[in-house]
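This briefing is intended for a reader new to the structure. Please keep the sequence and the model in view while reading the points that follow.

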Amino acid sequence: MGPRPCPNRGHSSREAEISTQTAVALEGITKRFPGVVANRDIHLSVTKGHIHAIVGENGAGKSTLMKILYGMQRPDEGEIRVDGSPVSFHTPADAIAAGIGMVHQHFMLADNLTVLENVVLGSEPRKALVALDLGAARKKIKQISDAYGLGVDPDVLVEDIGVGQRQRVEILKVLYRGARILILDEPTAVLVPHEVDELFDNLHGLVREGITIIFISHHLDEVLKVADAITVIRRGTTVASVDPATVTARQLAELMVGSELPSPETRESTVTDEVALEVKGLCMPAETGGRPLLDDISLTIHRGEVLGVAGVEGNGQAELVEAIMGIRASTGTVILGGKDITDWTTLRRREAGVGYIPEDRQRHGLLLEAPLWENRILGHQTQAPNTKGIWIDRKGARADTRRIVEQYDVRTPGIDVDAAALSGGNQQKLIVGREMSGDPVLLIAAHPTRGVDVGAQAAIWDHLREARAAGLAVLLISADLDELIGLSDTLKVLLRGRIVADVDPANVTPQQLGSAMTGAGEAA
Amino acid sequence: MTVPDTFTNRLLGRVKLTGLLSLAAPVLAILMAGLITAVVLVVTGNPPIETLTLMIDYGSTPRSLTLIVNAATTYYLSAMAVALGFRMNLFNIGVDGQYRLAALIAAAVGGAVSLPGPLHILLIIVVAVAVGAAWAGIAGLLKARRGVSEVISTIMLNTIATGLGAWLLTQWAVPVAGSNNIGTKPIPESAHVPGISLIPGAPNKVFGLLLLAVLVGIGFHLLLNRTRFGFDLRATGRSESAAVASGVNVKKMIVWAMVISGGVAGLVGMPQLLGSSYSYSLDFPAGLGFTGIAIALLGRNNPVGVAFGALLWGFLDTSSNILNLHKVSPEIITIMQGVIVLCVVVAYELVHRYRISAEQRRVSRELSAPAQAQVEGAGV
């Protein structure tokens with residue numbers, strides 16, 4: 001059967017009896033911040049040697065829960081039991097002493113030190129009180145690395161190793177400090193697909209040796225692939241514990257948002273034969289010489305068409321977007337609605353009706369410390385209703401911000417709060433609303449739903465579909481293959497700065513697309 | 001990486017504080033500074049309360065009040081010039097050289113021509129603005145074209161301005177009557193700006209160009225908050241990467257911001273030149289550009305805040321004159337000013353942290369209130 005409801009207090013006390021198998025148990029955990037309940041009556045029971053996934057939308061309370069478990073926050077109510085005995089953590093050091101370690105999403109490694117130095121940093125083994133006993137540390141690291149199959153070489157510099165390997169160093173760091181229970185916060189967010197597979201192999205290796213893993217994610221497919229048990233958090237409380245063998249990604253997503261879920265599918269074509277954007281022979285040399293970042297890119301987008309660009313990150317997507325936006329210099333021709341805009345500035349391109357949803361919304365799309373209505377003006381500084389001549393039209397901008405907040409369901413108490421106070425999904429909805437304003441002819445959407453929760457994702461897809469039906473041309477860059485296949489009318493695959501394949505999204509599977517992205521399909 | 005919410009950004013006031021909190025920080029800072037100064041006074045064997053009373057008594061006489069306003073007028077212009085750069089992440093350390101060179105050349109031009117009153121004044125001011133703008137513009141161009149840090153180039157330009165000024169003065173100088181000082185040819189009466197009797201009962205008058213400082217403050221506010229240019233400037237200061245993506249030509253903005261900052265800096269010497277000395281001589285006040293940096297920090301680059309900061313500085317400077325007579329070293333004031341700046345840095349950081357968490361709590365509270373009710377309702 002599908003999901004079953006989370007056990008209530010009565011059930012969980014029965015579960016507590018089999019505490020020999022339970023590595024971590026949370027009972028009725030509640031955490032209040034002034035005026036808001038971050039966690040409410042959380043029940044969680046993690047079996048020893050399991051990979052236990054915790055899934056939930058952004059802002060559902062996953063991170064607060066993990067902070068409580070890792071000793072960074074103290075719960076107001078409830079009990080934490082590790083290996084059956086109640087514990088009370090005041091600092092992360094207490095949690096580490098109890099065998100709980102955390103691997104953060106963003107690596108905390110010093111690039112210019114070796115793996116060995118990074119691992120011992122902060123808990124250096126001493127010889128005769130003063131000297132560093134690196135020999136013993138090296139031995140211990142090798143031992144741990146071999147025992148769990150991590151394949152970490154202690155003597156290479158961290159700056160010389162890849163992202164996947166760095167993550168293994170982070171895991172090793174925690175194991176070195178004696179952790180038996182690992183918390184992994186969004187571990188796959190920084191990894192490319194084959195690194196994800198390697199990570200999962202490592203995780204299986206760890207649990208085989210008796211380590212327990214708590215895995216936080218909102219990539220449901222990955223969770224289903226790797227987890228032995230799944231707990232869903234919604235609005236601060238655990239709403240279900242499900243068995244990954246009997247639940248689909250869709251059911252899981254519905255549990256997360258608490259409602260029926262839309263899909264990215266758009267099948268009825270709205271493509272016209274009117275060309276909105278034409279790019280011819282776009283090239284961008286690498287600053288350091290060598291392989292060009294963009295190599296002879298040509299593409300055409302019609303009104304009402306979504307052109308998706310697939311590719312492993314770092315193969316020229318960001319450069320393509322910035323070249324079309326006029327942010328980075330490139331050679332070649334860019335024609336927008338019949339006009340050659342190759343020499344235009346970014347501002348002029350925006351004025352001509354190019355909307356831009358940047359890949360990194362916090363760095364490129366928002367002024368975090370400015371109120372929402374000022375963020376409405378950003379990128380549209382020269383356009384009504386934001387400005388009149390050289391003057392900012394405060395009234396116009398504010399009124400239009402209210403419209404966006406309402407139409408795009410931006411959850412905010414008002415338009416005078418800083419953008420930084422909103423959750424990622426709501427920030428993104430504001431950006432989407434802003435870039436859709438003023439009837440754009442072309443929208444460049446780079447990872448429009450990255451890092452946003454399922455609810456916001458569905459809303460953003462809806463808006464993209466509506467605009468497409470109204471004749472908007474969209475250049476869609478995404479790492480989410482379902483999103484690409486579901487939304488695009490045409491798909492191109494970018495590899496090492498070149499377009500290597502044209503794919504028909506109507507009959508391609510994510511697997512086929514994935515292999516095309518890595519160049520495996522190049523020969524075919 | 002351009003994280004907007006950096007320590008410098010908070011320090012320079014590009015991150016705003018709202019409501020009463022915006023007052024809390026400077027008040028806190030001044031109280032802390034007062035306390036530390038009191039300790040210093042006690043250590044040096046002076047009674048703190050009496051010393052303060054002495055300063056307040058002396059500083060509140062009509063004559064002193066006029067002096068305070070006059071000092072504050074100059075400080076205000078200097079701080080506004082610094083603040084404009086600060087709002088865009090530009091550290092214009094060169095206000096000092098900009099205003100001295102501007103005042104010198106404007107004084108020389110003013111002394112060399114004769115025009116009807118208002119036109120004469122206007123000419124001198126325009127020359128000063130142009131010189132200040134051009135001098136700062138060099139640093140702007142260097143940064144935009146060659147990536148030279150404006151901190152380095154403006155400091156160097158200060159030194160060059162000192163040398164260039166000394167040389168120009170020897171070229172144009174005439175002896176100042178009754179001393180061995182030399183200065184530019186005195187500006188004819190047509191360009192003297194009459195003082196205003198603002199403080200009742202004061203024997204002296206405040207600078208007529210106080211009005212210019214007020215206009216600069218209003219202009220600063222309008223430019224930054226109400227114009228597209230100001231929006232682009234603030235956006236660049238808050239996040240350069242976001243500004244670039246939004247179509248702002250950052251290099252152009254750097255040059256313009258430096259030019260405008262230098263133009264305002266050019267005004268710094270004007271109240272003194274046109275309201276009191278009428279000539280640029282060896283004893284023309286120096287170092288006002290650095291005072292401006294401290295006051296811009298104290299006032300968080302906000303036109304109103306800076307006005308209070310300038311008045312406070314004017315009060316401290318003016319009332320320190322009385323201390324010598326009572327055998328208290330006036331350097332105690334320099335200590336106090338230094339401590340205020342340090343305390344400001346600390347206090348703004350404290351208040352900022354409080355505000356960020358308060359804002360986040362407020363937003364999540366207001367958002368969770370209906371959602372909470374919904375969940376509770378569904379649970380029944």
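In this predicted model, the domain assignment of chain A gives four entries: domain 1 (4–99 + 180–257), domain 2 (109–176), domain 3 (273–353 + 441–524) and domain 4 (360–438).

**Domain 3 and domain 4**

- The C-alpha centres of domain 3 and domain 4 of chain A are 25 Å apart.
- To the contact, domain 3 of chain A brings 13 residues and domain 4 of chain A brings 12 residues.
- On the side of domain 3 that touches domain 4, the helices α11 (346–351) and α16 (454–469) of chain A each supply at least two residues.
- With five residues, α16(A) gives the most to that side of domain 3.
- By class, this side of domain 3 of chain A comprises eight nonpolar, two polar and three charged residues.

**The four-stranded sheet**

- Chain A holds an open sheet of four strands, ordered β15-β14-β17-β18, with antiparallel pairing.
- At its edges are β15 (294–302) and β18 (339–340) of chain A, each of which pairs on one side only.
- Strands of a sheet pair through backbone hydrogen bonds, either parallel or antiparallel.

**Pairings of strand β14**

- Strand β14 (residues 275–284) of chain A is joined to the antiparallel strand β17 (residues 331–336) of chain A by five bridges.
- Opposite A:V279 stands A:V334, a residue of β17(A).
- Between β14(A) and β15(A), which also run antiparallel, there are six bridges.
- A:E278 has A:T300 in β15(A) as its bridge partner.

Technical notes
Residues numbered from 1 in each chain as written. Chains lettered and ligands numbered in written order. Predicted model: local features only at pLDDT ≥ 70, side-chain atom pairs only at ≥ 80, totals over all residues. Pairing = 2+ DSSP bridges. Domains from an automatic or database assignment. Contact = placed C-beta atoms within 7 Å. Nonpolar A, V, L, I, M, F, W, Y, C, P; charged D, E, K, R; others polar.
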